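Colleague: I would like to learn how to read a model like this one. Could you take me through it, feature by feature?

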Amino acid sequence: MTRIRRGYIARRRRTKIRLFASSFRGAHSRLTRTITQQKIRALVSAHRDRDRQKRTFRRLWITRINAVIREKGVFYSYSRLIHDLYKSRVLLNRKILAQIAILNKKSLYMISNEIIKNKISRF
């Protein structure tokens, strides 16, 4: 029986992995076994950090809204604003509210004043 050379398939697989790890440093971009380990680790980190990124951005938006709301007066806070927004059925998410807070504070104050007026008029 003749010998079969099977280098092509394995080499193709390894080059595909090496292309992924080409930006890694040292053995992490040269040795096949280390490359595969680092690839798994990189993909795990990327998957985990996508959720973490959403979390950190939400915290940032909440902080920005709270800072602008408290500038106006101590009587109104972020949690009250969000509660009153839900009660008055205003569909603005935290990202949009944070952008309004940064770009145009007066409009955020107008929104909160309207909510307060509607709240008082209901009682």
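Modeller: Let us begin with Arg 5, which sits in the segment before α1 (7-20). Keep in mind that this is a predicted model.

Colleague: Is Arg 5 buried or exposed?

Modeller: The idea is to look at relative accessible area, where over 50% counts as exposed. Arg 5 has 74%, so it is exposed.

Colleague: Which residues gather with Arg 5 in a patch of positive charge?

Modeller: The patch on the surface brings together Arg 3, Arg 5, Arg 6, Arg 11, Arg 13, Arg 14 and Arg 18.

Colleague: Now the chain as a whole. How many helices and strands does the secondary structure come to?

Modeller: There are 5 helices and 0 strands, and the order from the N terminus is α-α-α-α-α. The radius of gyration is 27 Å, well over the 14 Å that the globule rule gives for 123 residues, so the chain is more spread out than a compact globule. Along its principal axes, the C-alpha trace spans about 95 × 30 × 20 Å. As for burial, 22% of the 123 residues count as buried.

Colleague: Next, charge pairs. How many salt bridges does the count come to?

Modeller: First the general idea: side chains of opposite charge can pair when their charged atoms come close. In this model the count comes to 3 salt bridges.

Colleague: Which residues are linked in a network of salt bridges?

Modeller: Arg 48, Asp 49 and Arg 52 form that network. Asp 49 meets Arg 48 at 3.2 Å, N to O, and Arg 52 pairs with Asp 49, with the closest N and O atoms 4.0 Å apart. Arg 52 and Asp 49 are both in helix α2 (residues 32-72), and because they are 3 residues apart there, about one helical turn separates them.

Colleague: Which residue does Lys 105 meet in a salt bridge?

Modeller: Its partner is Glu 71, at 3.3 Å from N to O. Lys 105 lies in helix α5 (residues 105-122) and Glu 71 in helix α2, so this pair ties together parts that are 34 residues apart in sequence. Lys 105 counts as partly exposed at 36% relative accessibility, while Glu 71, at 51%, counts as exposed.

How values were computed
Residues numbered from 1 in each chain as written. Predicted model: local features only at pLDDT ≥ 70, side-chain atom pairs only at ≥ 80, totals over all residues. Heavy atoms only, no water. Patch = residues over 30% accessible without salt bridge, like charges linked within 9 Å, V, L, I, M, F, W, Y side chains within 5 Å. Areas by Shrake-Rupley, 256 points an atom, 1.4 Å probe, with all protein chains shown as cover. Salt bridge = Lys/Arg side-chain N within 4 Å of Asp/Glu carboxyl O. Lys, Arg positive; Asp, Glu negative; His and termini not counted. Charge placed at Lys NZ, Arg CZ, Asp CG, Glu CD. Helix = DSSP H or I, 4+ residues; strand = E, 2+ residues; numbered from the N terminus. Buried < 20%, exposed > 50% of the residue type's maximum accessible area, 1.4 Å probe, protein only. Rg over C-alpha atoms; globule rule 2.2 N^0.38 Å.
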